[in-house]
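Work through these exercises with the structure open beside you. Try each task before you read its solution.

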Amino acid sequence: MKNRLLRQFLLLSALFLCVTITKAQYNSPTVDGSIGGGEYGTHTNGQNQETSGSSVWYMTWDNTNLYIGITAANTSEGAVVYLDSDPQVPVNSGTNSNGTNIGYNYDGTSFAELQFRADLVVYFKNGYREYRTSDGSNGWSSATSAFGSYADAGGTDREVAIPWSAIGGRPASFNWFGYVTSSGGYVYAP
């Protein structure tokens, strides 16, 4: 009897796990350049929102895309996001096969050493978006532009949808780091 109950429990647990893995984190946001209340879930710092000065970053995903929204940052200045799709322990360990640990130079800014080995770097602003993948030699591939979708409201708010296919599918977990870079070569809203 105990073995039968244990098997049923394990079967139900496995079924629940499969359902939760395939389900989106939140409802998919509408990429229209306007971030509505609850559009990225419950806006809570450290969960799906990060406040940096007056700028706020929002993030959510579904099985197709990673969605990022940024408020209070000039949309004509580029936002840069690094994504690590296979986090290592400790976070900055691994080899070139686990990603690139040097930043890519956008608008005169880059990081000599990233906090983790990134598999993808994305750059997006009004009128342009691109991504690059790690090349296995601690460098970056050539750019792929006009991917996914992007929208801004013509001021300080923007949203982008980054397809998981850019890194081979939705990872089980990931690290990320983002900032906005000005044409004058300084970083803000990290």
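**Exercise 1.** How many bridges join S5 to S6, and do these strands run parallel or antiparallel?

*Solution.* Keep in mind that this is a predicted model. Step 1: find S5, residues 120-125, and S6, residues 128-133. Step 2: count the bridges; 6 of them join S5 to S6. Step 3: read the direction; the two strands run antiparallel. Step 4: check one pair. Leu120 has Thr133 in S6 as its bridge partner. Step 5: look at the turn. The hairpin of S5 and S6 has 2 residues between the strands, and Gly127 there has a positive phi near 90 degrees.

**Exercise 2.** Find the bridge partner of Tyr131 in S7.

*Solution.* Step 1: locate S7, at residues 144-145. Step 2: look across from Tyr131; its partner in S7 is Thr144. Step 3: describe the pairing. S6 and S7 are antiparallel and share 2 bridges.

**Exercise 3.** Which residue forms a salt bridge with Glu130, and are the two residues buried or exposed?

*Solution.* Step 1: search the whole structure; 1 salt bridge turns up. Step 2: name the partner of Glu130. That is Arg132. Step 3: check the distance against the 4 Å cut-off. The closest N and O atoms of Glu130 and Arg132 are 2.9 Å apart. Step 4: judge the setting. Glu130 and Arg132 are both buried.

**Exercise 4.** Explain why Ala146 counts as exposed, and describe its backbone.

*Solution.* Step 1: recall that exposed means over 50% relative accessible area. Step 2: apply this. Ala146 counts as exposed because its relative accessibility is 62%. Step 4: read the backbone angle. Ala146 has a positive phi, near 55 degrees. Most residues other than glycine have a negative phi. Step 5: find another such case. Asn138, in the loop between S6 and S7, has a positive phi near 65 degrees.

**Exercise 5.** Where does Pro90 lie? Describe the bond that joins Val89 and Pro90.

*Solution.* Step 1: find the loop between S4 (78-84) and S5; Pro90 lies there. Step 2: read omega, which is about -5 degrees for Val89 and Pro90. Step 3: name the bond. This peptide bond is cis. Most peptide bonds are trans.

**Exercise 6.** Where in the protein is confidence lowest, and where is it highest?

*Solution.* Step 1: start with the whole protein; the mean pLDDT is 83, and 81% of residues reach 70 or more. Helix H1 (residues 2-22) is lowest, with a mean of 34, and S6 is highest, at 98. Step 3: look at residues 1-24, where pLDDT is below 50. Step 4: draw the lesson. Where pLDDT is low, the predicted coordinates should not be read in detail.

Technical notes: Residues numbered from 1 in each chain as written. Predicted model: local features only at pLDDT ≥ 70, side-chain atom pairs only at ≥ 80, totals over all residues. Heavy atoms only, no water. pLDDT = per-residue confidence, 0-100. Helix = DSSP H or I, 4+ residues; strand = E, 2+ residues; numbered from the N terminus. Contact = heavy atoms within 4.5 Å. Buried < 20%, exposed > 50% of the residue type's maximum accessible area, 1.4 Å probe, protein only. Salt bridge = Lys/Arg side-chain N within 4 Å of Asp/Glu carboxyl O. Pairing = 2+ DSSP bridges.
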